[in-house]
Amino acid sequence: ERGLESLARCRRLADSHRVDALVAYATSAVREADNGGDFIERAKLEAGVNVQVISGQEEGRLIFTAVRHALDLSKTPALIVDIGGGSVEFILGDGQSGASFVDSVKLGTARMSEAFVGSDPISAADLARLRRHYDAVLAPVFAQVTGKFEQLVGSSGTLETLAVLALARTDGAAVPTTLNGLRVGREALGELNEWLVRSDANSRRRLAGLDEKRVDLIVAGSVLLDTILRATGAHSLTISEFALREGMILDYLSTHRQQCDLYDRYTDARRRSVFELARRCDWAERHSRQVARLAVGLFDGTKTLHGLGPVERDLLEYAAFLHDIGHHIGHSAHHKHTQYLVEHGELKGFSPAEIQTIAQVARYHRKSPPKSSHPTFAALPKAQRELIKTLSALLRVADALDRSRFSNVEALSVELTDDAVELTLTTAGDPELELWAVEHRSDLFETVFGRKLRVTAQPDTAPTAPLTTEIAR
């Protein structure tokens, strides 16, 4: 229950910052709990958090990813130790070759304290049992790593705390504002360990730098570190403030580069989500952007006829960006594939009605116009059907105006007369293909707006310029 409450608070905090992605990993405690599966299921249902259980090997990989960003490991191989509550990860590697050895052992401080610390202070018998257990479990690890590293690195709260406590016991030593890169010698850590195994909880509670939640767990962690230092012959411990959490972030950034580029380019979640779907479907970017520019140009030029506003303008632009993504599935009937992909593309920031509008406007960019015999179209409210017809009419003409797919139309002006919509195109080259395509795609436009569509074109004699829209009333 406490875990679910904590996750729910994290979810609310994330939502308050309007985050685009939430990553949640579960390690040893959930991995080995009898009710771990129940916990994960309830976390999703009650807290809205999808928890992914990771192995000890994966945990070690993520920790190494973090540490190599926090410390310079390029010159010497390092043994990284991360002491958690349920498990301890050992990673051997360097900044150039990566990790050559990763192991996870069940020696976390909570697990060991529960199993071996039966008195306060810890009894001599319990301490001896704890040391023997550490020696036995770690013998295979030490066989793999001893003599193969020049730097012992510690990450996680337990080792950070031990470093701070050891430093505080050294005369005249001041605890730095950042612990990253802090190096503490084996002698200072050994003296701290001797004091901790003799101390009781009240004495430990008075130590500056020891969090209350670690008062009962720090002894097992200190004895473990002492065992590692003795067995490996390491002379000091270097602290990395980066650990699993930072590894998760860095791993996400490295595996979602395109998505993160979109975060930087587009602060609006709706627009970003559209481009994310377009990229996932290998969109024809040049053509789609050209069609979108032409579509909004037509929208602006015919505003006095349709009376629609900025929200509808955006929906048309998004449909234009996505109108051809159905090619990702297949060329034949790609307009229908587009509708399916938009409907199931998990677009964010849109209402279900808006998603359906985008999907159907994109679907009707070619072939048959919207009909009452089409079930998904006919099931929509009348006002939405009329909107889809209007936006589809504009998109069909815009798509025809880039029939060559070479962005031939550089500029577009719109003039309204009593009986016609006059389009004047400035083109980079011969416009015959575009004029032919518009003639075959103007039926819905003329039906919706009740006016003839007349198009004339003139070649551009000036250097190529970006498409502009000029509206003449």
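Helices (H or I, at least four residues) and strands (E, at least two) are DSSP runs, numbered from the N terminus. The model is predicted, so that local features need pLDDT of at least 70 and side-chain atom pairs count only at pLDDT 80 or more, whereas totals for chains, interfaces and linings use all residues. Residues are numbered from 1 along each chain as its sequence is written, and side-chain values use heavy atoms, with hydrogens and water left out.

**View 1. Ser 407 in the loop between α20 (382-400) and β9 (409-416).** Phi of Ser 407, a residue other than glycine, is positive, near 50°. Ser 407 counts as buried because its relative accessibility is 18% (buried is under 20% relative accessible area, exposed over 50%, partly exposed in between, with a 1.4 Å probe and protein chains only).

**View 2. Asp 282 in the loop between α13 (269-280) and α14.** Here too phi is positive, near 55° for Asp 282, and with 60% relative accessibility Asp 282 counts as exposed. Most residues other than glycine have a negative phi, and most peptide bonds are trans.

**View 3. The cis peptide bond between Asp 120 and Pro 121.** Omega of this bond is about 0°, and Pro 121 belongs to the loop between α5 (109-116) and α6 (124-145).

**View 4. Gln 356 in helix α18 (residues 352-363).** Apart from neighbours within four places in sequence, Gln 356 is in contact (heavy atoms within 4.5 Å) with Gln 339, Glu 343, Leu 380 and Gln 384.
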